[in-house]
Amino acid sequence: MILPIVAYGDPVLRREAEEIGQDYENLSVLIDNMFETMEQANGVGLAAPQIDLSIRLFIVDTTPFVDSKGLSEEEKNEMNGFREVFINPIVIEEEGKPWAFEEGCLSIPGINEDVRRKPTVTIEYYNREWQLIEKTFSGLIARVIQHEYDHIEGVLFTDKINALKRRLISRKLESISKGIVDANYQMKFYKPRKAK
Ligand code: ZN
């Protein structure tokens, strides 16, 4: 089932998400739905808060990134078919000299900006089979993981761009939060309750 993607402006994207247990209701169905939702939106990652669930879960599939410019054969091979579920992840360490890459986000359509991140990330997480894994990733895979991990911490990539750029896109962000957006997938916009 395809789920609507939460747009910028919804407080769920700003919440620190909570860990889940192995008995979390319909987890397997939820993960399938998240992959289906991400794929129809041509995303390479999707975090649970983006489908309105404040839980520590995200998925990554870097296959659509394989055609990106400047990748080595080794990187291409690693990214092709890299499809992983991260449950209750903890970033252990980030290392290396930060590098810039133009990021986007399914919750913030139409905005792409350079974000600087460290090139290597070591992360501990449970996979779909609930095996505890500790692994070090680098390059674009690391970047996608870092971006998605930020989501479960309530952080968005637009928080990480320089102040001038942030000012330049502020009106666009405001529009997205009001539902003025051109995305070719279904989105969900936050409607604050009117005070009585
Ligand atoms: Zn995102």
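This is a predicted model: local features need pLDDT of at least 70, side-chain atom pairs count only at pLDDT 80 or more; totals for chains, interfaces and linings use all residues.

Biologist: In which sense do E3 and strand E4 pair, and over how many bridges?

Modeller: Two strands pair if DSSP finds at least two bridges between them, and the elements themselves are DSSP runs numbered from the N terminus (helices H or I, at least four residues; strands E, at least two). Here E3 and E4 (residues 83–95) pair in the antiparallel sense over five bridges. Strand E2 (residues 45–47) also pairs with E3 in the antiparallel sense, over three bridges, and in that pairing Gly45 has Val60 as its bridge partner in E3, while Leu46 has Ile59.

Biologist: What is the order of the strands in the open sheet?

Modeller: The five strands run in the order E2-E3-E4-E7-E8, with antiparallel pairing. E2 and strand E8 (132–138) are the edge strands, each pairing on one side only, and the twist from one strand to the next averages 40°.

Biologist: How many of the residues of strand E3 are buried?

Modeller: Buried means under 20% relative accessible area, taken with a 1.4 Å probe on protein chains only. By that criterion five of the five residues of E3 (residues 57–61) are buried, so the strand is mostly covered. Leu57, Ile59 and Asp61 point one way from the strand, whereas Phe58 and Val60 point the other way.

Biologist: Which strands does H1 lie across, and at about what angle to E3 does it run?

Modeller: Angles run from 0 to 180 degrees between N-to-C directions, along lines fitted to C-alpha atoms, for helices over the stretch in contact; contact means heavy atoms within 4.5 Å. H1 lies across E2, E3 and E4 and runs at about 45° to E3. H3, for its part, packs on the sheet, touching E2, E3, E4, strand E7 (120–126) and E8, and its direction makes about 155° with that of E3. The buried residues of H1, among them Leu30, Ile31 and Phe35, pack against strand E1 (5–6), E2, E3 and E4. Just after H1, Asn42 takes a positive phi of about 55°.

Biologist: Which residues coordinate the zinc ion?

Modeller: Donors are N, O and S atoms within 2.8 Å of the metal (3.2 Å for Na, K and Ca), and sites may look incomplete because water is not among the atoms. Cys105 (SG), His147 (NE2) and His151 (NE2) coordinate the zinc ion at 2.1 to 2.2 Å, with the spacing C-x41-H-x3-H along the chain. Cys105, in the loop between strand E5 (99–103) and strand E6 (113–117), and His151, in helix H3 (residues 139–152), lie 46 residues apart, so that the pair links distant parts of the chain. Both Cys105 and His151 are buried.

Biologist: Is Asp150 buried or exposed?

Modeller: Asp150, which is found in helix H3, is buried, with a relative accessible area of 10%. Leaving aside its neighbours within four places in sequence, Asp150 is in contact with Arg117, Val155 and Lys160.

How values were computed:
Residues are numbered from 1 along each chain as its sequence is written. Side-chain values use heavy atoms; hydrogens and water are left out. Buried means under 20% relative accessible area, exposed over 50%, partly exposed in between (1.4 Å probe, protein chains only).
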